[in-house]
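Hello,

Here is the structure I promised to pass on. Please have a look at it first, and then read my notes below.

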Amino acid sequence: MCCFFTALVFFGPRLGFLVYWLLAPTKVSVALNAFNLQWLVGILGLIFAPWTLLMYVIVFPLNGFDWIWLGLGIGADVLSYVSAYHNRKKVPMYPETAP
């Protein structure tokens, strides 16, 4: 688990999910098998909501306060998109006005 936390801190949720998948592949498979198209949910989750997918896989049998962890994952995803939107003008050659 030390490798998981190191990857999560330094490289973000996508690499953290990959390390977690390598450490506990059966838990990831069982968590994603709850959906009809588990491969599609996995790919879309990694692209658009990596924190939510990571929290879902970690606390998979959702009962009790596990929903709070899933809510924190959703909040982290929303916060990452909002902060990227606000920091877009720091990109060199970004137009000041939208066309």
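Contact here means heavy atoms within 4.5 Å. This is a predicted model, where local features need pLDDT of at least 70, side-chain atom pairs count only at pLDDT 80 or more, and totals for chains, interfaces and linings use all residues. Residues are numbered from 1 along each chain as its sequence is written, and side-chain values use heavy atoms, with hydrogens and water left out.

First, a helix pair. Pro13, Arg14, Gly16, Phe17 and Tyr20 in helix 2 meet Pro50, Trp51, Leu53, Leu54, Val57 and Ile58 in helix 5. Those contact residues divide into 9 nonpolar, 1 polar and 1 charged; Arg counts as charged and Gly as polar. Helix 2 (residues 13–23) packs against helix 5 (residues 50–58) at an angle of about 25°, with the axes 9 Å apart. That makes the two helices roughly parallel (angles under 35 degrees).

Next, the aromatic rings, which pair if their centres lie within 6.5 Å. The structure holds 2 such pairs. Phenylalanine 35 and tyrosine 56 have ring centres 5.7 Å apart and planes at 50°, so this pair is tilted (planes under 30 degrees apart count as stacked, over 60 as edge-to-face, the rest as tilted). Phenylalanine 35 sits in the loop between helix 3 (25–32) and helix 4 (38–48), while tyrosine 56 is in helix 5, 21 residues apart. The rings of tyrosine 56 and phenylalanine 60 also have their centres 5.7 Å apart, but with planes at 80°, so that pair is edge-to-face.

Best wishes

Conventions:
Axes fitted to C-alpha atoms, helices over the stretch in contact; angles between N-to-C directions. Helix = DSSP H or I, 4+ residues; strand = E, 2+ residues; numbered from the N terminus. Parallel < 35°, antiparallel > 145°, perpendicular 65-115°, else oblique. Phe/Tyr/Trp six-rings, centres within 6.5 Å; stacked < 30°, edge-to-face > 60°.
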